[in-house]
Amino acid sequence: MISEEILNHPAELWAQTLSEIPLFSQLDRTGDLGALDDTSGSHGLSDTSIPDISVISGTDGPSAHSLDIPGTHLGKALETGAFDIAKHTAHSLIAVSNGLLAVCMNARVPRFRVTNLWRWGRCLTDAQDDVDVALSKFEYKEFMTPGVDFVVRRIEFNKNGDLLAVIGDDDIAVISLPRLSWNTKQIQLVSATVIRFPDQFSSPIVKARWHPLSAKGRHLVVLSKDGTIQIFNVLADDRRPEQTFHFKPPVEQLQRPNRDGLFSANMNKDEFASFCFGPQDGKWGTMTLYGVTRGGDVFSLCPVMPDGSAFTIEQLENMAMSNQADKNEDMKKWARGTYTDDMYYWRTEWVKDLLKNARAVETSVLAGEEISLPLPQRSTLLKTKAQGPHRILPVPEPDELFGAATDIICLETEPVAIVIIAFAGGLVRTCYDVDGLKPVWHLNKQPLAEEDVISSLVLHEDIDLGISEITTTSRRTAITLTPDPHYTSAFFCHHSYGVHSISTEPWMRNLKDLVESAPDMGDRLEDELFEHKESDVEWLIRTSDSFTSVGVHDDVIGFATIMETLLGYSYVLLTSTPRLHGDLLPLRLTYTQPVRNDAGDEYYQPILKAPVYEIPEVFYTGTRKLATLPASTSGSMTDITRALENNVQSRMHDLQLRKAALIEIAKRMTAQRQEIIGQLSLLKQYEDAIDNFWIAKYQELEKRSRDLMRRDSISRKKQSIILQILMDETQPLSEAEKKWMKEVAQLHRDFEDRIKPQKEKLQLHKDALIEQRKRWKSQITVLSDAGPLTRPQIERINGTLSYEAQLLARTLERARQLKISAEDVESKLRQALAKRNTA
């Protein structure tokens, strides 16, 4: 059960003290503290000390694009030699899932350690925020991972948090996490099952991700440099890939224009650098993969889905309707050939197969519950066709300064998806996917010229992160992109020098508002797409200025975002020292709209305008140097007077400049005073409006909130009991157990339905009796004031009170019987539960 102390604990404390935890303490394989394995090459960790970064000061970042927002620094950085992007890939040696924090240390034999962030927060709570006391209770597990003997580039949890993918340049392993107990030893070696995939990759691996559609979180998607996509079911006995796809289209299509005009002879530019999944919209985007080459060209594959994908009936029905709507829309635009007709036919059949498989098990699932579906029967007849390279319009100017592409992500924004491409020199490219992607297969037909059109990406802006201004060398860095888990229009870029936070909300908000207000205004939407508005870019944290104790560059080698109830909206950062840093992520405020009155007229406009106030130049340039007066013995009085006059005029000029600056400062102070008065007046109007219209609603909302919190607390307790039961069971529920659980739920609903009318009737009867009692009491008061009661009146009152007592006795007896019935049903439920646990 989740403790209320943890729920009420400040969410930022566990993160801000991560630099203190001894997760990187030295430990040999026997479980005793000792030296780590000696490292060799550039991949090892020659030092495992943890520099103190508990005090982190803020400072302004370099001015590049909109990088004038203060960020967090971790100290002063040491520059190293040039970075060869062709030989290096981005590291991501940290992963977080369900409160577990996993790190990888690349020694001669990679070492994997896991700690429980929930447990760390509980230690701080028990210690009343005393970090030293909490550290005495800190614990972590180190996994025994035989067979993992390669340099690790990336680790990643699956969505269930029970499998950890370990990705190297030429090898992949999957660690199956055992059940962990967090109330035992502080340091513990744990045996873990390691799954290897030998001799499956003919080309170096550039990226691997867990497929979000996998119902049980066991499908790993791997991209090789040659553009080959392989999907592995990691828990299957067969270590060969379940499916194989290729991003590279036929050779004749490789001469399409890309960002440099045509493909060059440099084969390194044609190598693939990364891939990402499409927007998880429950439609075709859910089954889409984007891939990017080092030259910045974007390819796509659709449909790509594992065998055992999770869908709901509603998603598939929406997909079928959307496919039919697209078909009808295309019929209005232009005359299609048989190639397009056949493509729509296979799309319809594909969805029909999924719906058929889903409806076969629909009767045994709850409404809205995801269903694990096998691959459609048509998948054995159809082979997914790669699309690309997608044209980027307008064609960006080639810029060798920013080097090769390193990563790509797709943001789940509306009304259009945004594709983000990162380059090694610090360039981040934002593009719209206006057309959207549809499934394409290889058919035994040649499309017409107007049918063979590859969808385009609309270039919005190229963002220069200003990395060239951080370093004095030509050092490049592999940039890794991470979507924001809370804001769909935002993402993070982490690289050797720190982490940037970028939000596309300034220009995506207008698009969304326009579509919601006038969805048929295509011309205005097109104008809005091509109107240039810059994204918000800021430093989240900087490590470019940090020295380590051994004088090596402190690269960022891992960054993970968290969005959990107990851990809040936060992040964890790992540097190569190694050391951890964490904190809460700031909430993003929406842009202020013009303030208008009921008539629609603007009645408040800011007085202070951009740019922000700057210190007048005269105050930091100093005064002009005065001329030296001639000596009285060598110069005439006229020369001395003239020189003195010039000095006086010079000082008067300086005084005039200062006076003018003071006048400007006074004007700004007056404007600030007026601004404060205007804002206070506006706040007063807001307060009056709240007092007049919203206080009652706020009170009602607060009452409902307390009720919901109480219900949520009760629900959490029930869920904790159910989760504990499920976690104690190593095997999945059988069909009989599922049937029993549904029968129990139905029995509970039947009991509630049966008792509800009687409860309502009793409540009405009770209310009527109370109201009648009030009337009689008032009548008795009137009679007592009128004088002593007569004998007939006393007998009538006694009879009435006797009748009321009998009614209350019967009501009490019926309530007692209902209570007995409820206790009987509850006893039967407990007996059934006990029998199930015993079985």
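Analyst: The answer starts with the pocket and then turns to aromatic rings.

This is a predicted model, in which local features need pLDDT of at least 70 and side-chain atom pairs count only at pLDDT 80 or more, while totals for linings use all residues. Residues are numbered from 1 along each chain, and side-chain values use heavy atoms, without hydrogens and water.

The second largest pocket has a volume of about 1,800 Å³. A pocket here is an open set of points on a 1 Å grid where a 1.4 Å probe fits, with protein on both sides within 12 Å along at least five of seven lines; lining residues have an atom within 4 Å of a point. The volume is the space filled by probe spheres set on the points, which are joined across faces, edges and corners.

The lining has 47 residues, and D326, D435, G436, L437 and K438 are the closest to the centre. Two or more residues each come from α6 (313-333), α7 (338-360) and β21 (386-387). Helices are DSSP runs of H or I with at least four residues, and strands are runs of E with at least two, numbered from the N terminus. The largest share, 7 residues, belongs to α6.

Now the rings. There are 12 aromatic pairs, counting rings of Phe, Tyr and Trp (its six-membered ring) with centres within 6.5 Å. The rings of Y345 and W346 are edge-to-face (planes over 60 degrees apart), because their planes stand at 70 degrees, with centres 5.1 Å apart. Ring pairs also join W120, F138 and Y140 into a cluster.

Terms used:
Rings of Phe, Tyr and Trp (its six-membered ring) pair if their centres lie within 6.5 Å; planes under 30 degrees apart count as stacked, over 60 as edge-to-face and the rest as tilted.
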